[in-house]
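Q: I would like to learn to read a structure feature by feature. Where do we begin?

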Amino acid sequence: MSITLDAVAAALKGIVAPNLIAGFKETAGKVLITVQMRIPLAEKPAFAGRVKEKIKAIEGVKDVFVSFAEPPQQAGEGTGGAPTPQAAGAALKESIRHIVAVGAGKGGVGKSTVSVNMAVALAQKGHKVGLLDADIYGPSAAIMTGTIGHKARGDAQQRVIPADTHGISVISIAFLMPKDQAAVVWRGPMVGKMVQQLLMGVAWGELDYLIVDLPPGTGDAVLSLSQTVPLDGAVVVTTPQDVALLDVLKAIEMFKAVKVPVIGVVENMAGFACPKCGEITDIFMSGAGEKAAEQYGLPLLGKLPLDPAVPPGGDTGQPIVIAAPESATSKAFGDIADRVKARVDELSGNGPKQFQLEWSSGV
Ligand SMILES: Nc1ncnc2c1ncn2[C@@H]1O[C@H](COP(=O)(O)OP(=O)(O)O)[C@@H](O)[C@H]1O
Ligand SMILES: [Mg+2]
């Protein structure tokens, strides 16, 4: 028996009416299905799981991916159709003032570390901050904030309530992922849609900044996300080595291509912070961050030393700006937060600020 739309519709009898199957595609036993139903965000994983189970029972089906589309609006609700990203973004901007993404040319450079500590640093400076962990390959921002076990519950309007920790609101794509769905199966457009739902369907409240920890690299997931989420700008994280490898250039070019302004570059693991005396020693290429910033005509937002105190904090859910707020690394995070804030204001036309970066390296 071949895997046809009719067979899928029959398998979903009693769960999804045939006219609500808005999209169907089958390739080599992989079924992609779009269901046009308005389902509370918190219930989507369970519902998708049931749909998946039914379709998997069809002979020959190896895997099933379920996505949801908004049903056409009722008469009186508007002109119909799902809101465009622009319209959705405009509605969102009423409660969230600035959305800042943190991206990198590749994984392992400290993107999540920067996202988390920058978010908490902004909160420590009195701002209302949300953190959206959109990294489908590993929810490290959720781990680093100690929120990984958070159960996504809905409020009275059926919006998901974020986790509250270290003065910030945290939502991770991991909170909503069905347990049996391996992270790697998420493809670009699905990630974009999922994150858009996370933005719209979460009870964020009023926020000054929403920091989005993007998936690493410049693949279709990041691309789709950068196109669907109304970003004010992106911070690009790099290590001195990756500057040389041009990974950072790829990330900058990608943001340019989707018209997301690059706020600036953060150079991570730039020097070694001695755990005994706090002195910072250059151990890699000196001045790589400055060179990259100059080459691409972007501000260098800051340089973070390789600090042995950073990883343990990440593992225990205590970011370094909480665990050791007086350390040189935490101060560097605070300065980065200030510069991001100044640049975002500048980009949104609220300030003419220029800044100079001071870095005492190896002295
Ligand atoms: N400045 C730093 N000093 C020491 N370790 C760091 C620093 N920045 C990141 N790390 C560690 O490097 C690893 C990768 O960082 P992470 O933020 O998860 O990277 P990414 O999100 O880019 O994959 C983590 O174990 C983290 O604790
Ligand atoms: Mg990460």
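Q: Is N268 buried or exposed?
A: Buried means under 20% relative accessible area, exposed over 50%, and partly exposed in between, with a 1.4 Å probe and protein chains only. N268 counts as buried because its relative accessibility is 7%.

Q: What should I know about the model and its labels?
A: This is a predicted model: local features need pLDDT of at least 70, side-chain atom pairs count only at pLDDT 80 or more, totals for chains, interfaces and linings use all residues, and side-chain values use heavy atoms, with hydrogens and water left out. Residues are numbered from 1 along each chain as its sequence is written, while chains are lettered from A and ligands numbered from 1 in the order in which they are written.

Q: What does the side chain of N268 reach?
A: Look for polar contacts: pairs of N or O atoms within 3.5 Å; within protein, one must be able to donate a hydrogen and the other to accept it, and residues adjacent in sequence count only if both atoms are side-chain atoms. The N268 side chain reaches the backbone oxygen of V109 at 2.8 Å. A polar side-chain atom of N268 also lies 2.9 Å from a nitrogen atom of ligand 1.

Q: Which backbone atoms lie by ligand 1, and how much of the ligand does the protein cover?
A: A backbone N or O atom of G108 lies 2.7 Å from a ligand 1 oxygen atom. For D307, a backbone N or O atom is 2.9 Å from a ligand 1 nitrogen atom.

Q: How many residues surround ligand 1?
A: The test is a heavy atom within 4 Å of the ligand. By it, 15 residues surround ligand 1, and the closest are G108, K111, S112, T113 and P305. The shell divides into seven nonpolar, six polar and two charged residues. Here Ala, Val, Leu, Ile, Met, Phe, Trp, Tyr, Cys and Pro count as nonpolar, Asp, Glu, Lys and Arg as charged, and the others, Gly among them, as polar.

Q: Which helices supply at least two residues of that shell?
A: α4 (111–124) and α11 (310–316) each do. α4 gives the most, with three residues.

Q: Which residues other than glycine have a positive phi?
A: Check the backbone angle, then the site. A28 is one of them, with phi near 45°. A28 is found in the loop between β1 (21–27) and β2 (30–36). At 67% relative accessibility, A28 counts as exposed. K259 is another, with phi near 60°. K259 has its place in the loop between α9 (247–257) and β10. K259 is exposed, at a relative accessible area of 73%.

How values were computed
Helix = DSSP H or I, 4+ residues; strand = E, 2+ residues; numbered from the N terminus.
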